[in-house]
Amino acid sequence: MIEWQMPLLGGLLIGLSSSILLWGIGRISGISGIVGTVITTGTKENGWRYAWLAGLVVGAVVFLKTKPELFTHEFNFSTPKLIIAGLLIGFGTRLGSGCTSGHGVCGLARLSLRSFVSVLTFMAAGMVTVYMARIL
Amino acid sequence: MELIIGFISGLIFSIGLIISQMIDPQKLIGFLDILGNWDYSLAFVLGGAVGFNLITFRFIQKRKSLIGKDLCLPTNKAIDNKLLLGSVLFGIGWGLVGVCPGPALVNLVTLKSEIFILMGSILIGMFGFNLFEKKRA
């Protein structure tokens with residue numbers, strides 16, 4: 001029996017979060033866009049982006065302190081792998097204008113064909129990569 | 001007001017990523033491993049989030065935001081090489097380490113050196129894209 005309750009609850013919370021941001025201030029919660037914008041531009045418009053990132057980190061710190069068992073997963077990858085993956089994620093999400101949150105959580109719900117194509121493409125690329133990594 | 005709403009949204013997003021185990025790279029790699037021992041539990045994360053928004057966005061998109069501004073929605077509809085190549089590159093990186101940008105940020109609080117190397121490289125990749133755009137312009 002696969003564990004689906006917490007993933008579903010977590011997913012609903014992510015939906016709630018992006019709905020709050022869209023209804024509240026009219027913005028799409030796209031994480032690569034938020035991060036990419038704050039590191040490359042310095043406008044007053046970035047206030048909500050910093051606040052959003054602060055909320056994300058505060059949530060993580062609170063959970064790390066109160067429920068450390070949720071952070072026991074391993075994160076063991078070689079340094080070259082981390083660097084290559086990081087560069088691909090950073091460059092790729094900006095070139096493709098979004099990641100799992102912007103294209104996935106928000107774009108699919110807006111019924112954007114562009115996001116639908118992006119999600120199918122990065123999922124397929126991720127699946128091929130995992131498969132190749134396993135057989136090589 | 002913008003700041004408070006932004007903060008609350010980020011906070012709830014963080015909780016969602018943590019309790020759903022999206023922040024566990026092995027779990028995510030298991031989700032992408034459809035030809036192996038496929039663990040499809042994380043499909044419920046995207047399903048739950050998109051399902052929720054499918055309902056709420058219909059209501060929200062007909063209105064102005066609570067702070068009185070028009071919604072700032074993407075207008076680009078082009079399915080072009082940039083979209084496809086960007087998505088492929090992101091997907092490869094995602095498959096290599098099992099975290100997308102949100103979970104990478106959340107994992108920073110574990111203070112493991114690996115996550116800082118990854119996040120630093122993500123930021124360099126984003127900067128690199130900006131340089132690339134400026135050169136082309």
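Q: How near do the axes of α1(A) and helix α1 (residues 2-19) of chain B come, and at what angle do they cross?
A: The two axes come within 7 Å and cross at roughly 165°. Axes here are lines fitted to C-alpha atoms, for helices over the stretch in contact, and angles run from 0 to 180 degrees between N-to-C directions. Helices (H or I, at least four residues) and strands (E, at least two) are DSSP runs, numbered from the N terminus.

Q: What kind of model is this, and how are residues and chains labelled?
A: This is a predicted model: local features need pLDDT of at least 70, side-chain atom pairs count only at pLDDT 80 or more, and totals for chains, interfaces and linings use all residues. Residues are numbered from 1 along each chain as its sequence is written, while chains are lettered from A and ligands numbered from 1 in the order in which they are written.

Q: Why are α1(A) and α1(B) called roughly antiparallel?
A: Angles under 35 degrees count as roughly parallel, over 145 as roughly antiparallel, 65 to 115 as roughly perpendicular and the rest as oblique. The axes cross at roughly 165°. α1(A) and α1(B) are therefore roughly antiparallel to each other.

Q: What is the hand of the crossing of α1(A) and α1(B)?
A: α1(A) passes α1(B) in a left-handed crossing. A crossing is left-handed if the near helix is turned anticlockwise from the far one by less than a right angle, and right-handed if clockwise.

Q: Which residues of α1(A) and α1(B) meet?
A: Those of α1(A) include Met6(A), Leu9(A), Leu13(A), Ile20(A) and Ile25(A). Among those of α1(B) are Ile5(B), Ile8(B), Ile12(B), Phe13(B) and Ile19(B). Contact requires C-beta atoms, placed from the backbone, within 7 Å of each other.

Q: What classes of residue make up the contact of α1(A) with α1(B)?
A: There are 15 nonpolar, seven polar and one charged. Ala, Val, Leu, Ile, Met, Phe, Trp, Tyr, Cys and Pro count as nonpolar, Asp, Glu, Lys and Arg as charged, and the others, Gly among them, as polar.

Q: How many residues does each chain give to the contact, and which element of chain A gives the largest share?
A: Chain A gives 97 residues and chain B gives 98. On the side of chain A, the largest share is the 20 residues from α1(A). By class, that side has 58 nonpolar, 31 polar and eight charged residues.

Q: What makes α6(A) oblique to α4(B)?
A: The axes of α6(A) and helix α4 (residues 81-97) of chain B come within 7 Å and cross at roughly 40°. That angle makes α6(A) oblique to α4(B). The crossing is right-handed. Val117(A), Thr121(A) and Gly126(A) are among the residues of α6(A) that make the contact, with Leu84(B), Val88(B) and Trp94(B) among those of α4(B). By class, the contact has 13 nonpolar, seven polar and one charged residues.

Q: Why is Gly126(A) called buried?
A: A residue is buried if 20 or more other C-beta atoms lie within 10 Å of its own, exposed if 12 or fewer, and partly exposed in between, with C-beta atoms placed from the backbone. Gly126(A) has 28 such atoms, so it is buried. Gly126(A) is found in helix α6 (residues 113-135) of chain A. Leaving out residues up to four places away in sequence, Gly126(A) touches Leu32(B), Gly91(B), Trp94(B) and Gly95(B).

Q: What covers the buried residues of α2(A)?
A: The cover includes α3, α4 and α5 of chain A, together with α5 (101-107) and α6 (113-136) of chain B. Ile31(A), Ile34(A) and Val35(A) are among the buried residues of α2(A).

Q: Buried or exposed: how do Gln21(B) and Leu111(B) count?
A: Gln21(B) has 22 other C-beta atoms within 10 Å, so it is buried. Leu111(B) has 9 C-beta neighbours inside 10 Å and therefore counts as exposed. Gln21(B) sits in the loop between α1 and α2 (25-32) of chain B. Leu111(B) lies in the loop between α5 and α6 of chain B.

Key:
Contact = placed C-beta atoms within 7 Å.
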